[in-house]
Amino acid sequence: MSKQKLFKGGDIASEESAKLQRCDVLVEGGRITRVAPNFTAPPDCQVIDCTGKIILPALFDVHVHAREPGQEQKENIRTCSEAAINGGVTGFCMMPNTLPAIDSAGVVKTVLESAAKCRIPIYTSGAITKGREGKELAAIGAMKAAGAVMITDDGFPVSNPVVLRRAMEYARDFGLIVASHCETMELSGKGAMHEGTVSYSLGLEGIPAISEEICLDRDIRLAQYTGAHLHIQHVTTARGMNTIRRFKEEGVNVTCEVAPHHLIFNHEDVGDYDTNYKMNPPLRTKEDNAALLQGLIDGVFDVIATDHAPHTPFEKNNDFASAPFGITGLETALPSLHHYFISEGKLSWDLIVRRYSAEPRRLLGQRAVPVTEGGTAEFIVFNPKTDTVFTRDFIKSKSVNTPFLDQALRGRVDVVVHAGEVLLQR
Amino acid sequence: MTPRKDLLDIQSLTDEELDFILTNAVPFKNLFKRSVKKVPTLRGRTVLTLFYEPSTRTRSSFEVAASRLSADVINFSVNTSSVVKGESVLDTISTLEAMRTDYVVVRHGMSGIPNLIARNTTASVINAGDGFHAHPTQALLDVFTLKEVFGGDLSGLRIAFIGDIQHSRVARSTNLLCRRMGMSTAMLAPGSLIPRDTPAEIAKFTNWEELYAWKPDVIYLLRVQMERQNVPFFPSIGEYHRIYGLTDERLKRVQDSGIYVMHPGPVNRGVELNDSVMTYERCLINQQVENGIAVRMSVLYWLKPGSVEEVGS
């Protein structure tokens with residue numbers, strides 16, 4: 001039995017209320033045994049001072065590229081899990097665009113074996129189609145039996161609607177979520193950023209908003225027709241979001257996610273061809289930033305997810321069109337949301353708890369981890385007054401392809417508790 | 001004026017720098033009439049041309065400009081078939097760094113490559129055309145030419161760009177510089193070759209009648225490319241020529257209105273223009289070529305390579 005720990009004087013965030021509750025939290029043996037205002041520590045108890053800090057349920061990310069197997073120069077499951085812990089994330093779901101793709105029970109088992117050696121639970125999705133080629137269905141039933149919780153060809157859409165229809169009808173009966181990277185490949189062409197005024201002046205081929213919106217429309221109608229649970233990944237446009245809103249009102253079984261970078265940045269940030277602002281789908285416009293943020297507040301987005309996509313400096317230090325898509329996000333997500341929105345009064349803590357802790361867990365059939373008596377001790381202590389500087393030394397991911405590299409953000413993850421154990425303490 | 005290392009685009013130039021480059025091109029051009037066309041300005045300096053896209057005229061224009069300034073000119077041969085990726089560009093740059101050249105003149109099919117190179121070398125980088133992004137020396141020579149034709153002040157003049165606007169770095173750079181000079185600019189092309197998000201102050205036309213009504217002083221013809229990624233932008237070269245090209249019939253009307261004609265070269269006869277344009281007395285194509293050398297001399301004279309500062313300090 002591990003020693004009792006008392007987290008003293010923190011303000012507890014919950015998904016029920018925007019108001020924080022000042023309470024002490026006593027942890028013993030993996031569970032929260034007492035939550036009450038200002039009580040005396042039991043004898044022989046470790047006391048962790050949380051004065052002026054926020055205690056919130058640990059985060060969960062449904063969209064992470066751990067790059068294993070095959071691209072371990074960028075990341076592996078172990079380093080990815082440590083990056084997650086560094087950002088206050090104590091569970092995540094991996095994407096199957098690995099080499100080879102996670103498209104069979106064998107690969108699912110292999111990655112889950114690696115995952116089991118990490119300090120936090122890690123889930124995996126499997127591909128919809130073999131090799132993510134969009135042609136033949138992958139071994140969906142076998143992957144589910146091996147532990148896959150979602151299917152997606154993420155990075156690519158399933159371009160052929162018949163293939164996606166069959167996949168939805170098939171996956172539906174296994175209770176698997178079908179997740180869509182919405183993109184019309186022909187419209188995107190060789191595009192490297194959002195098609196607009198900036199792509200025009202930089203002379204880069206653009207990815208028009210309609211590339212995403214047309215595919216999103218199609219996929220959501222297929223979900224409506226087949227009754228499958230569709231999860232739309234990384235929505236970036238106001239129009240796409242409004243389509244989801246409309247179909248949700250019609251009762252379609254659709255969920256969706258938004259990435260912090262699509263709330264914070266837009267195409268103007270690409271600046272002088274900075275490849276740390278290159279991702280797919282791309283950064284859109286200032287108006288989209290505002291609309292997506294409002295959508296998050298309104299509840300159109302079920303979850304926040306980072307699309308953590310590590311790449312090496314060698315790959316990213318390239319001309320904009322040739323550099324790969326993607327930026328890392330696990331370590332910067334919460335500090336960036338705090339810096340840009342919470343500390344500015346634009347988002348409240350209950351929304352972060354709901355959208356980046358509780359709902360992502362529920363989406364994958366897990367229980368939420370509120371900071372309440374009798375609950376699992378799975379929470380983080382966030383210091384809103386101290387900056388985090390994202391230096392190479394600070395970052396636990398193998399890769400540093402983030403716009404926040406060597407930048408300071410207001411707020412710091414000070415303590416991460418999982419199953420009663422302190423995984424990180426600063 | 002703060003010393004500047006690189007010329008990458010038109011946006012980053014200050015009015016003072018623009019004026020410096022355009023003003024100093026005049027005495028350089030006057031040199032061409034002398035029997036000895038060379039000045040010792042860049043003696044002992046090395047100018048390296050690095051062209052990933054074939055271009056005889058721009059490359060030789062830079063070579064002539066550099067040698068008239070007494071610089072040593074090195075032509076770095078790039079095997080374009082094997083060097084297509086940005087990472088190879090950076091490998092090449094470390095090689096160039098070791099060679100300690102003072103100026104690198106770059107042309108590349110990918111937008112932003114000169115910016116990438118400039119960040120990774122102490123040499124002055126001159127963008128000689130990158131992707132659809134920018135071709136600043138072309139813009140400078142175009143405006144220099146217009147100033148010769150119309151006198152110093154270009155404000156209020158009207159220039160229309162005709163052709164593949166979408167994939168043209170010339171359309172971007174020259175258009176921008178013309179607007180900075182106070183000119184009104186317009187575009188005429190098939191809808192599929194006009195970008196959706198161009199600056200609002202640029203007029204967009206769909207046919208020649210609208211263009212005539214706008215009363216342009218200059219028309220600037222651009223090369224057209226029919227397809228990319230196997231999707232044609234227009235039905236055929238013949239149809240393009242008939243609807244958008246400078247046909248003999250249209251040339252007559254252009255002549256009657258005294259409109260000047262420009263083109264960045266090389267021309268596509270039978271596509272954007274006809275043979276007869278080349279002998280039209282207000283066709284500025286050859287003047288553009290001659291001015292290119294003077295303007296590029298002026299640019300080389302203006303830039304301050306990082307290598308030079310090193311020696312100085």
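The paragraphs below take up the strands and helices, then the salt bridges, and finally the interface between the chains.

This is a predicted model, in which local features need pLDDT of at least 70 and side-chain atom pairs count only at pLDDT 80 or more, whereas totals for chains, interfaces and linings use all residues. Residues are numbered from 1 along each chain as its sequence is written, chains are lettered from A and ligands numbered from 1 in the order in which they are written, and side-chain values use heavy atoms, with hydrogens and water left out.

Helices (H or I, at least four residues) and strands (E, at least two) are here DSSP runs, numbered from the N terminus, and a residue is called buried under 20% relative accessible area, exposed over 50% and partly exposed in between, with a 1.4 Å probe and protein chains only.

With strand S7 of chain A (residues 89-94) the pairing is parallel over 3 bridges, and Phe92(A) has Ile122(A) as its bridge partner in S8(A). With strand S9 of chain A (residues 150-152) the pairing is likewise parallel, over 2 bridges, and here Gly126(A) stands opposite Ile151(A). From S8(A) the chain crosses through helix H3 of chain A (residues 140-146) to S9(A) in a right-handed β-α-β crossover, right-handed meaning that, with the strands pointing away from the viewer, the path from the first strand over the helix to the second runs clockwise.

Chain B holds a right-handed β-α-β unit as well, made by S3(B), helix H4 (residues 113-119) and S4(B). Strand S3 of chain B (residues 103-108) runs parallel to S4(B) and is joined to it by 5 bridges, with Val105(B) opposite Ile126(B). S4(B), residues 124-130, is mostly covered, since 7 of its 7 residues are buried.

Burial also marks helix H12 of chain A (residues 333-342), where 9 of the 10 residues are buried, so that this helix is largely enclosed by the rest of the structure. In chain B, His263(B) lies in the loop between strand S11 (260-262) and helix H10 (285-302), and it is buried, with a relative accessible area of 1%. Its side chain makes a polar contact of 2.7 Å with that of Glu272(B); a polar contact is a pair of N or O atoms within 3.5 Å, of which, within protein, one must be able to donate a hydrogen and the other to accept it, and residues adjacent in sequence count only if both atoms are side-chain atoms.

Over all chains there are 31 salt bridges, each a side-chain nitrogen of Lys or Arg within 4 Å of a carboxyl oxygen of Asp or Glu. One of them joins Arg362(A) and Glu15(A) at 2.5 Å, N to O. Arg362(A) lies in helix H13 (residues 349-363) and Glu15(A) in the loop between strand S1 (5-12) and strand S2 (21-28) of chain A, so the pair ties together parts that are 347 residues apart in sequence. Arg362(A) is partly exposed at 36% relative accessibility, whereas Glu15(A) is buried at 10%. Both belong to a network of salt bridges that also includes Arg354(A) and Glu359(A).

Where do the chains meet? In all, 19 residues of chain A are in contact with 23 residues of chain B, contact meaning heavy atoms within 4.5 Å. About 1900 Å² is buried between them, of which carbon and sulfur atoms give 51%; this is the accessible area (1.4 Å probe) that two parts lose on being put together, summed over both. In chain A, Tyr200(A), Tyr273(A) and Asp319(A) lose the most area to chain B, together 35% of what that side buries. The count between the two chains is 1 salt bridge, and Arg119(B) forms a salt bridge with Asp272(A), with the closest N and O atoms 3.1 Å apart.

Notes
Two strands pair if DSSP finds at least two bridges between them.
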